[in-house]
Each structure stands twice: as C-alpha cells, then as structure tokens.
Amino acid sequence: MSSDSKEVHHEEGDHQTMTKGRILKVAGILTFITAIEFIIALWMVPSGTLPIQYANPVYIVLTLFKAFYIVAFFMHLKFEKMGLALSIIVPILFIIGLILVLTNESHHWITLRG
Amino acid sequence: MSTAVSQIDEIKTTPWSGGRSPFNVEYGKIMMWFFLLSDAFTFSSLLISYGALRFSASVWPAADKVFQSVPGLYDSGKPLVFVGLMTFILIVSSVTMVLAVEAGHRNSKKEVITWMILTVVFGFMFLGCQALEWSHLHHEGFWWGSTPNAEKLKEFFTGGTEVTRHLTAQEFANLFFTITGFHGFHVFTGVIINIIITVNVLLGTYEKRGSYLMVEKVGLYWHFVDLVWVFVFTFFYLV
C-alpha cells in the first residue's frame, strides 16, 4: 500500500503539471473566447457586420479552441504520455466520419421533404 | 565465472515490456478516459443527428427568438443572457474542480474540501438554471411531442409555412429536450459523484491512502460535462 502511493507521487513529480497561475490563465482564455462568441451573436450578426453564414464557421472554430483548452489543460491530456493521448484522440476521428456520412444523408432528406 | 548476461536474458526496461503501466497512469484513470471516449461518441451521435435534421429542414426556430427570457427578471428581449450565465457557471465550476485537483497534489485536505464544495454548489446552480430554462420552454408549449399553437409559433420563426413551422418546431423540441436532458443527467450524476468524493475527503479516506487520485478521476468526468456543454451551447444557442 505505502509503496503504491509512493509510486503515484513519484509519477506526478515526473512531469509538468498545472499550477494555480496556469489554471487561471486557461480559465481566462475560456471566458475570453466565450465573450467573443457573445459579441458576435449579440452585436456583429444583428448589425450585419458579420453575416450568419460566416459567423457559424467562426463559432465552430472557437468552440473547438475551447474544447482543446479544456481537454489539454483541465483534463491534463497535454501532460500525459503520448500513447495515452493518441488512444483518446485517434478514435475521436471516427466522429468526423459520422459527420460526413450524415451530411451526405441529410442532402438526400432535403429532396425527400420536398 | 563470467557475470556477463547474454542479450536475450537482459531485462528489458521499455514502457511496454511489462511490470508497469506503459501510459504511466493508474488503471482507474485510464478506464475513466475510455468511458469518457464512449460517452463522447454518444453525445456526438445525438448532436450530429440534430445537425442533419436541422440541415435538411427548410426553416428552423431562431435561437435568439426562442431563448430570450431571463427567468424572474425579463420575460423576453434578452437573448443569450441566461444561457451565458449558465455557461459561465459551468466554466467556473470546472475551474474550482482543477483547483481541487491541484490542492490534492499538494495533499492539502482543507483546500480540496473548499474547492470540492464550491464545485458541488456551482453544479447545483447550473441544474437550477437548467430547470428554469426547461420550465420556461414547457410553459411556452414546447415538450417532447408537443409544440406551441400555430399563432405563437410564428414568433419563433422568420418565414416558413404553418406546416413546415409545426414540423421543425417539433423536431427542435424533441432534440432540445433529449440532448440538454441527457447532458443535464450527466451534470446531475456528476454532482452526486462529487458529493460522494467530498464526503470521502472529509472522512480522510484519501489522506489515509496518501493520494487524492480519486479527485482527479471525478475531475475528468466533471470537465467532460463542461466540454459537452460547450458544444451544446454552440449548436443550440449560437448557430
């Protein structure tokens, strides 16, 4: 038991980890990105500065940025072994496949709905 | 007698040669990661189906017209304000969770307790907001299998005919309640798990164990819930 916990501590000491400063920095980035999304949704789109068809891809890119910061820093994946990170990230690529398949399918639904 | 070891008898020390975790992570944490991966697939399937149905529809309820109330303050005219508050609450709860994990690394029981309790409080606040949001939409007539009447539906759309408005409003209601409901259920279980872990911290279970690894594992789950909300927020409220 005691050797177990010792090992855990050793492992944690081995790699870089989250400090309070870094946590607050990431929190700041997440809040900032959300604030940009609000500025786009509440002012830029209604006033016509940014048409909705351009705003949507911007929202998605900003969302992916937020997802990266949450997974990499809050969930600590950036500091894990490359093997673990890859075993999580690579299967996620299947989701892109599902997006492509269902986008194609929904094109067909448009004609079905008439 | 020679002490030289032949090459084949040498003990290998590479990460994958056995005897230790090749990923340098405790097994429960790996299993949490793989559970979250499977959960990510479930949520993606729901969100992608939503995307496909919405993409193939000729009209769709406009988010800034459907979601424009702040319960208790404004009945309408404040698009995104309330959901902005919900998003902020969830981000803050994620921050308090990492702070709990960070305090756990330093074996500071007192700080872990403070941050865990704050995480639970923010979790409950989010659930409360979600309940208000649901009841508001329910009072307007949206629910699984039901929509507001044709006259009221007009307010939520720009264009469309009575038939298409009714059809897509129904699709919207079903998808909204299913997806935010599934997410809300995750938040609820997350709060329950956080409470259990907080009680264990209070009892000194992890202090005796010498490591606050359990806090890290529930932390992963809690951040995942935040991660899913980031996507739900974008695809239901912004796009």
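Biologist: What covers the buried residues of H3(A)?

Modeller: The cover includes H2 of chain A, plus H3 and H8 of chain B. Bear in mind that this is a predicted model.

Biologist: Which residues of H3(A) are buried?

Modeller: Start with the general idea. An α-helix has 3.6 residues a turn, so residues three or four places apart point the same way. Now the case here. A:Tyr59, A:Thr63, A:Lys66, A:Tyr69, A:Ile70, A:Val71, A:Phe73 and A:Phe74 are buried in H3(A).

Biologist: Why does the end-to-end distance of H3(A) agree with what it should span?

Modeller: H3(A) has 23 residues, and at 1.5 Å a residue it should span 33 Å. Its end C-alpha atoms lie 31 Å apart, so the two values agree.

Biologist: What follows H3(A)?

Modeller: A:His76 does, and its phi is positive, near 70°.

Biologist: Now the core. How do I read it?

Modeller: In soluble globular proteins, nonpolar side chains tend to be buried together. In this model the largest nonpolar core has 72 residues. B:Ala100, B:Val112, B:Val215, B:Val232 and B:Phe233 touch the most other members. Chain A supplies at least two residues of this core from each of H2 (20-47) and H3 (52-74). In chain B, H1 (27-56), H3 (81-105), H4 (109-140), H6 (162-203) and H8 (213-238) each do likewise.

Biologist: Which helix gives the most to this core?

Modeller: H8(B), with 18 residues.

Biologist: Which residues does B:Val215 touch?

Modeller: Leave out residues up to four places away in sequence. Then B:Val215 touches B:Ala100, B:Val101, B:Gly104, B:Val112 and B:Ile197.

Biologist: How many residues of each chain are in contact across the A and B chains?

Modeller: 44 residues of chain A are in contact with 38 of chain B. On the chain A side, H1 (2-14), H2, H3 and H4 (82-113) each supply at least two residues. H4(A) gives the most, with 15. By type, the chain A side divides into 25 nonpolar, 10 polar and 9 charged residues.

Biologist: What is the make-up of chain B as a whole?

Modeller: Chain B has 8 helices and 0 strands. Of its 239 residues, 38% are buried. Take its contacts with a separation of 6 or more: 72% of them join residues 24 or more positions apart.

Biologist: What does the radius of gyration say about chain B?

Modeller: A compact globule of 239 residues would come near 18 Å, but chain B has 24 Å. Its C-alpha atoms fill a box of roughly 95 × 45 × 25 Å along the principal axes.

Conventions: Residues are numbered from 1 along each chain as its sequence is written. Chains are lettered from A and ligands numbered from 1 in the order in which they are written. This is a predicted model: local features need pLDDT of at least 70, side-chain atom pairs count only at pLDDT 80 or more; totals for chains, interfaces and linings use all residues. Helices (H or I, at least four residues) and strands (E, at least two) are DSSP runs, numbered from the N terminus. The radius of gyration is taken over C-alpha atoms; the globule rule is 2.2 Å times the number of residues to the power 0.38. A residue is buried if 20 or more other C-beta atoms lie within 10 Å of its own, exposed if 12 or fewer, and partly exposed in between; C-beta atoms are placed from the backbone. Two residues are in contact if their C-beta atoms, placed from the backbone, lie within 7 Å. A nonpolar core is a set of buried Ala, Val, Leu, Ile, Met, Phe, Trp, Tyr and Cys residues joined through C-beta atoms within 7 Å. Ala, Val, Leu, Ile, Met, Phe, Trp, Tyr, Cys and Pro count as nonpolar, Asp, Glu, Lys and Arg as charged, and the others, Gly among them, as polar. The expected span of a helix is 1.5 Å times one less than its number of residues.
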